[in-house]
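Hello,

Please find below the model I am handing over to you. Have a look at it first, and then read on for what turned up.

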Amino acid sequence: MSFDENCFYCSKNQDLDSLMIKICDLDVSTVYLFKEQTYGGRCNVVYKEHKSEIADLTEEEAAAFINDARKVAKAIRKAFNPDKVNYGAFADTMKHLHLHIVPKYEGGPSWGKTFEMNPQKIYLSDDEYQNLICKIKDNL
Ligand SMILES: [Zn+2]
């Protein structure tokens, strides 16, 4: 297993906790809910190992990763009925493969444009986060 102690996705330290809340593990990834909820229901699908890009995975690993992302996107569609789901994989500096899964709503924030990485506008109460997590889990 590739592991980098300086990577918060690997170490699962407080930097990770400050940004997102674990929802569950899937076949080859862990799913998190972003605390910043400008895009209602936004999640992050994080690969189980410290690998930088989809191109670093075997065909089987890549298929399993995309299938995990597919499951999360389907759950988000069922739970929140967005008009479109966006997918973002950047990680220029944090080189641990993860896919932002971002529900978008017609007339809502960044509709027709790239979503903002961290708009720092909308944060919820713990109960509200748990409510979103339950809605996603119920549909996974
Ligand atoms: Zn890592």
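**Notes on the structure**

Glutamine 120 counts as exposed, because its relative accessibility is 57% (buried means under 20% relative accessible area, exposed over 50%, and partly exposed in between, with a 1.4 Å probe and protein chains only). This is a predicted model, in which local features need pLDDT of at least 70 and side-chain atom pairs count only at pLDDT 80 or more, while totals for chains, interfaces and linings use all residues. Residues are numbered from 1 along each chain as its sequence is written, and side-chain values use heavy atoms, with hydrogens and water left out.

**Two positive phi angles**

Glutamine 120 has another feature to look at: its phi is near 55°, a positive value in a residue other than glycine. Its place is in the loop between S5 and H4 (helices, H or I with at least four residues, and strands, E with at least two, are DSSP runs numbered from the N terminus). Serine 110 sits in the loop between S5 and H4 too, and has a positive phi of about 60° although it is not a glycine. Is serine 110 buried or exposed? Serine 110 is buried, because its relative accessible area is 14%.

**The zinc site**

Which residues hold the zinc ion? Cys7 and Cys10 coordinate it through SG, and His50 and His96 through ND1, at 2.0 to 2.3 Å. Donors here are N, O and S atoms within 2.8 Å of the metal (3.2 Å for Na, K and Ca); water is not among the atoms, so sites may look incomplete. Along the chain, the donors follow the spacing C-x2-C-x39-H-x45-H. The histidine pair links distant parts of the chain, 46 residues apart: histidine 50 is in the loop between strand S3 (43-47) and helix H3 (59-80), and histidine 96 is in the loop between strand S4 (84-88) and strand S5 (98-104).

The arrangement is tetrahedral because the four donor atoms subtend angles of 105 to 120° around the zinc ion. For the cut-offs, four donors count as tetrahedral if all angles lie between 85 and 135 degrees; four count as square planar and six as octahedral if opposite donors are over 155 degrees apart and all others between 65 and 115; anything else is irregular.

**The sheet and its helices**

Five strands form an open sheet, ordered S1-S2-S3-S5-S4, with antiparallel pairing (two strands pair if DSSP finds at least two bridges between them). At the edges are strand S1 (20-25) and S4, each of which pairs on one side only. From one strand to the next, the twist averages 25° (axes are lines fitted to C-alpha atoms, for helices over the stretch in contact, and angles run from 0 to 180 degrees between N-to-C directions).

S5 is joined antiparallel to S4 by five bridges, with proline 103 as the bridge partner of valine 85. Four bridges join S3 to S5, again antiparallel, and here asparagine 44 has histidine 100 as its bridge partner. S5 is largely enclosed by the rest of the structure, because seven of its seven residues are buried. His98, His100, Val102 and Lys104 are on one side of S5, and Leu99, Ile101 and Pro103 are on the other.

H3 lies across strand S2 (29-34), S3, S4 and S5, and runs at about 165° to S3. Helix H4 (residues 126-139) also packs on the sheet, where it touches S1, S2 and S3, and its direction makes about 25° with that of S1.

**Two loop residues**

Valine 28 is in the loop between S1 and S2 and is buried, with a relative accessible area of 9%. Leaving aside neighbours within four places in sequence, valine 28 is in contact (heavy atoms within 4.5 Å) with Val46, Tyr47, Lys48, Glu61, Ala64, Phe65 and Asp68.

Phenylalanine 90, in the loop between S4 and S5, is partly exposed, with a relative accessible area of 46%. Outside the four places on either side in sequence, phenylalanine 90 is in contact with His100, Phe115 and Met117. The C-alpha atoms of phenylalanine 90 and glutamate 53 are separated by 9.1 Å, with the two residues 37 apart along the chain.

**From the record**

UniProt lists residues 7-111 as "domain: HIT" in an unreviewed entry. Over residues 7-111, the chain is 30% helix and 28% strand, and the end C-alpha atoms are 31 Å apart.

Best wishes

Technical notes:
UniProt positions renumbered as here; feature names shortened; annotations may be inferred.
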